[in-house]
Amino acid sequence: MKVTKLLICLVYSSSLLFAERELTDTGHYEPFFDGTILEFSSSNQGAGQVSLQPFLYSGAYYGLYANDWSMQTGDHFAIINPQIWGYIGITNYMQFEFVVESTTTYFKSKNTTHFGDIQAGFGFQFMWEEKGTPKPNLRFVVLETFPTGAYKNLNPHFQSNDATGFGSYQTSLVLVAKKNFWTIPNHAFNVNVSLDYTYFHKANIQGVNMYGGARNTGGTIWPGDTLMFTFSTEYFFIQTPTFELGFAIDMQYTTTFTKKFRGFKGTLANGQEAFIEHKAEDLFSILPAIEFAFSPNLAAYIGGFFSVTGRNTNSFAQGVLSVVGSF
């Protein structure tokens with residue numbers, strides 16, 4: 001609750017700081033503001049309006065952040081991860097949204113492709129931004145994740161790196177706030193902040209799985225819940241009536257709580273007990289991107305997604321391409 005209050009106060013106090021100047025120093029610049037790559041949308045689609053945003057992530061996982069936050073080298077593996085995010089306006093106050101994806105994993109001269117977990121849910125708009133006032137966009141999202149991805153009885157060759165899901169139903173509650181600023185004449189920018197709490201239901205696992213294991217592993221795992229904070233901003237430095245060029249950046253911190261396992265961990269080929277991941281995890285990552293906006297309903301992005309630091313999780317570097325269109 002304290003974090004949620006801090007989230008709201010951050011946007012509100014920033015709005016107060018710039019609101020007075022916005023009234024007199026707006027120039028003639030009306031940016032499109034199509035959003036960054038990682039941010040949760042802060043405004044619903046209008047009733048009957050549809051927005052689709054395909055993504056293509058491609059890159060490598062090249063190491064591991066240890067429990068003391070130090071970087072350790074490990075086996076490299078590469079991925080290609082296409083995603084499609086969709087938003088369908090039901091009323092001005094509510095919209096349906098979904099995410100579908102798949103991942104191709106390349107590891108030691110072999111590759112495999114699996115669908116990922118599917119997300120679907122509803123977004124509820126509580127407040128709309130008003131220019132020249134401290135009032136931001138404020139939105140609440142409820143998402144359910146369905147365990148359609150590969151997570152158990154995986155190919156031992158890939159050492160669990162080919163997992164594309166958690167094997168658990170997940171319920172996510174997301175609070176999003178966003179404010180646009182026109183304080184720099186003809187060079188608008190905005191701030192979007194979101195807080196996402198995800199509850200993981202228990203999952204049954206067998207064989208080599210998302211969390212480790214061996215061929216004869218069997219049991220039940222309670223994945224740790226996650227708390228994710230995302231700070232996003234867009235700044236436009238070139239504007240014409242039909243084209244805008246801007247810089248967007250997302251900074252994201254995710255913490256995952258300790259997991260619990262009950263069952264038989266399994267035995268490796270050398271007779272040792274198999275490993276089941278159970279430690280808490282932390283990850284801080286950034287995604288800078290160049291944004292090409294052609295209208296309020298069409299934009300394209302080129303960016304890079306990088307881990308900065310973390311604990312008990314993989315380090316990575318990926319390139320990202322995306323297009324968003326509304327109709």
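Predicted model: local features only at pLDDT ≥ 70, side-chain atom pairs only at ≥ 80, totals over all residues.

## Strand pairing and its surroundings

Five residues separate the two strands in their hairpin, where W69 takes a positive phi near 75°.

Strand 2 also pairs with strand 3, again in the antiparallel sense, and this pairing runs over 11 bridges. Here I88 stands opposite F96 of strand 3, and the hairpin that strand 2 and strand 3 form has two residues between them.

On the side of strand 16, strand 1 is joined by 12 bridges, with the two strands running antiparallel; in this pairing G63 has S315 of strand 16 as its bridge partner. Strand 16 pairs in turn with strand 15 in the antiparallel sense over nine bridges, and A300 stands opposite V323 of strand 16.

| Strands | Bridges | Facing residues |
|---|---|---|
| strand 2 and strand 3 | 11 bridges | I88 and F96 |
| strand 1 and strand 16 | 12 bridges | G63 and S315 |
| strand 15 and strand 16 | nine bridges | A300 and V323 |

Which residue of the hairpin of strand 15 and strand 16 takes a positive phi near 60°? The residue is N312, and this hairpin has one residue between its strands. N312 lies in the loop between strand 15, residues 298-311, and strand 16, residues 313-326, and its phi is positive although N312 is a residue other than glycine. N312 has a relative accessible area of 11%, and is therefore buried under the 20% cut-off.

N153 is another residue with a positive phi, of about 50°, that is not a glycine. N153 is found in the loop between strand 6, residues 137-146, and strand 7, residues 170-181. With a relative accessible area of 54%, N153 is exposed, because the cut-off for that class is over 50%.

An open sheet of three strands has the order 9-10-13, with antiparallel pairing. Its edges are held by strand 9, residues 203-206, and strand 13, residues 260-264; each has a single partner strand, so one side of each is left without a neighbour in the sheet. From one strand to the next the twist averages 20°. Strand 10, residues 218-222, pairs with strand 13 in the antiparallel sense over five bridges, and the bridge partner of T220 in strand 13 is R262.

The loop between strand 9 and strand 10 contains G212, which is buried, with a relative accessible area of 13%. G212 and I276 are 64 residues apart in sequence, yet their C-alpha atoms are 4.8 Å apart in space.

## Aromatic rings

The structure holds 14 aromatic pairs. One of them is formed by F55 and Y57, whose rings are stacked, at 6.1 Å centre to centre and with 25° between the planes. Why does F55 count as buried? F55 counts as buried because its relative accessibility is 6%, which is under 20%. Y57 is likewise buried, with a relative accessible area of 5%. F55 and Y57 belong to one aromatic cluster that also includes Y61, F77, W85, F305 and F316.

## The cavity

How many cavities of 30 Å³ or more does a search of the whole structure find? The search finds one, and the largest cavity has a volume of about 30 Å³. The elements that give two or more residues to its lining are strand 2, residues 71-91, and strand 3, residues 94-107. Strand 3 gives the most, with three residues.

The lining of the largest cavity is formed by W85, Y87, E97, F98, V99, Q119 and L143, and these residues divide into five nonpolar, one polar and one charged. W85, one of the lining residues, is also a member of the aromatic cluster that contains F55 and Y57.

Key: Residues numbered from 1 in each chain as written. Heavy atoms only, no water. 1 Å grid on protein atoms, 1.4 Å probe; cavity = no way out; pocket = protein on both sides within 12 Å on 5 of 7 lines; lining within 4 Å. Points joined across faces, edges and corners; volume = space filled by probe spheres on them. Helix = DSSP H or I, 4+ residues; strand = E, 2+ residues; numbered from the N terminus. Nonpolar A, V, L, I, M, F, W, Y, C, P; charged D, E, K, R; others polar. Pairing = 2+ DSSP bridges. Buried < 20%, exposed > 50% of the residue type's maximum accessible area, 1.4 Å probe, protein only. Phe/Tyr/Trp six-rings, centres within 6.5 Å; stacked < 30°, edge-to-face > 60°. Axes fitted to C-alpha atoms, helices over the stretch in contact; angles between N-to-C directions.
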